[in-house]
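Please look over the sequence and model below. A short report on selected local features follows.

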Amino acid sequence: MVPYEVLNKKFRSAQKNIDREMSRVHTDLDELEKKLLDKPTTVGDVSRILTSVVDKLNAMKRKAAESIGDELDAARVTKRRTDHLREYDTKDQNLQTLWRKKRLDRILVEYFLRCGYYDTALKLAKHSRIEVT
């Protein structure tokens, strides 16, 4: 998948998760409002609902932090890919030849990884100096 598509997918997924969590928080807040409008409201009922709201807000915060981390990782990959593609934009024929070789090596490393040839992929990456740091 293209790095930008991965970033976009992660963003949409994060947005759905946050919307889902907000809906749960709103449900509890609506329940709290109904309880407060009822005259015989106990402190225990209000405390129980507020505890539930706090728990759901903490869950939303945790999921948002995870989503932000995933999006940042995808953004870094997109930036590395863009930087790599910009390297080709040169008039120097020797640099273009080196860029093509580096690109072929990257394609081969990815292929070897997908096929399960991890040692071969690592050796080629190290030899071509394309290891991810």
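## A74 and its surroundings

Not counting residues up to four places away in sequence, A74 touches V6, L7 and K10. This is a predicted model. A74 sits in helix 2. The residue is buried, because its relative accessible area is 7%, under the 20% cut-off.

One of the residues A74 touches is L7. A74 and L7 are 67 residues apart in sequence. In space, their C-alpha atoms are 5.1 Å apart.

## T78 in helix 2

T78 also belongs to helix 2, which covers residues 43–87. With a relative accessible area of 17%, T78 is under the 20% limit and therefore counts as buried.

The T78 side chain reaches back to A74: the distance to the backbone oxygen of A74 is 2.9 Å. Neighbours within four places in sequence set aside, T78 is in contact with P3, Y4 and L7.

## Helix 3 against helix 4

Helix 3 spans residues 93–115, and helix 4 spans residues 118–128. Their axes come within 8 Å and cross at roughly 160 degrees. The two helices are therefore roughly antiparallel, since the angle is over 145 degrees. The crossing of helix 3 and helix 4 is left-handed.

Helix 3 brings D105, L108, V109, F112 and L113 to the contact. Helix 4 brings Y118, T120, A121, L124, A125 and S128. By residue type, the contact of helix 3 with helix 4 divides into eight nonpolar, two polar and one charged.

## R129 after helix 4

R129 lies in the segment after helix 4. Its phi is positive, at about 60 degrees, although R129 is not a glycine.

Is R129 buried or exposed? Its relative accessibility is 75%, so R129 counts as exposed. The cut-off for that label is over 50%.

## Points to check in the model

A few items can be inspected directly.

- The C-alpha pair of A74 and L7, at 5.1 Å.
- The left-handed crossing of helix 3 and helix 4.
- The positive phi of R129, about 60 degrees.

Conventions:
Residues numbered from 1 in each chain as written. Predicted model: local features only at pLDDT ≥ 70, side-chain atom pairs only at ≥ 80, totals over all residues. Heavy atoms only, no water. Helix = DSSP H or I, 4+ residues; strand = E, 2+ residues; numbered from the N terminus. Buried < 20%, exposed > 50% of the residue type's maximum accessible area, 1.4 Å probe, protein only. Polar contact = N/O pair within 3.5 Å; in protein donor to acceptor, adjacent residues only side chain to side chain. Contact = heavy atoms within 4.5 Å. Axes fitted to C-alpha atoms, helices over the stretch in contact; angles between N-to-C directions. Parallel < 35°, antiparallel > 145°, perpendicular 65-115°, else oblique. Left-handed = near helix turned anticlockwise from the far one by under 90°. Nonpolar A, V, L, I, M, F, W, Y, C, P; charged D, E, K, R; others polar.
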